[in-house]
Amino acid sequence: MRQLYEQILVDHEKRRFYAKCETSGEKRYSVKLPLSCRGEELLQLLEEGCAGGLRQKKYNSAKARAVQDLARYFNQCRKCGKWVCDEMFDPDIMECKQCNIRRV
């Protein structure tokens, strides 16, 4: 799940966490940022993990919730480890379609 955690980003306009499929580019949105974490300069510090204090804890907690939420919509390839959307995943062999193509 660490790779998915690192794949979670923040849409600065919508003030929401999201994940993007590395293969198809499909975006899935999740929870909104806590109100105390929405300032543009502050958000930059939070994303870098440099804000510290209660705001950083709230941000990290919200991001962890986003990971749990978004994990339902993405699948981890057992071959390359990428997290991809359902469209780009073959559940029969538990691999992304890119790895499946390389095998053939």
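Glu26 and Arg28 form a salt bridge in this predicted model, with their closest N and O atoms 3.6 Å apart. Glu26 is partly exposed, because its relative accessibility of 30% lies between the 20% limit for buried and the 50% limit for exposed residues. Arg28 falls in that range as well and is partly exposed, with a relative accessible area of 32%.

The pair belongs to a set of four salt bridges in the model. Another of them joins Asp69 to Arg72, where the closest N and O atoms are 2.3 Å apart. Arg72 counts as exposed, because its relative accessibility is 56% and the limit for that class is over 50%.

A further salt bridge runs between Arg15 and Glu40, with 3.1 Å between the closest N and O atoms. This pair links distant parts of the chain, since its two residues are 25 residues apart. Arg15 sits in the loop between strand 1 (9-11) and strand 2 (16-20), while Glu40 belongs to helix 2, which covers residues 40-48. Glu40 is partly exposed, at 41% relative accessibility.

Leaving aside residues up to four places away in sequence, Lys32 touches Arg15, Arg16 and Arg38. Lys32 itself lies in strand 3, which spans residues 27-32.

Conventions. Residues are numbered from 1 along each chain as its sequence is written. This is a predicted model: local features need pLDDT of at least 70, side-chain atom pairs count only at pLDDT 80 or more; totals for chains, interfaces and linings use all residues. Side-chain values use heavy atoms; hydrogens and water are left out. A salt bridge is a side-chain nitrogen of Lys or Arg within 4 Å of a carboxyl oxygen of Asp or Glu. Helices (H or I, at least four residues) and strands (E, at least two) are DSSP runs, numbered from the N terminus. Buried means under 20% relative accessible area, exposed over 50%, partly exposed in between (1.4 Å probe, protein chains only). Contact means heavy atoms within 4.5 Å.
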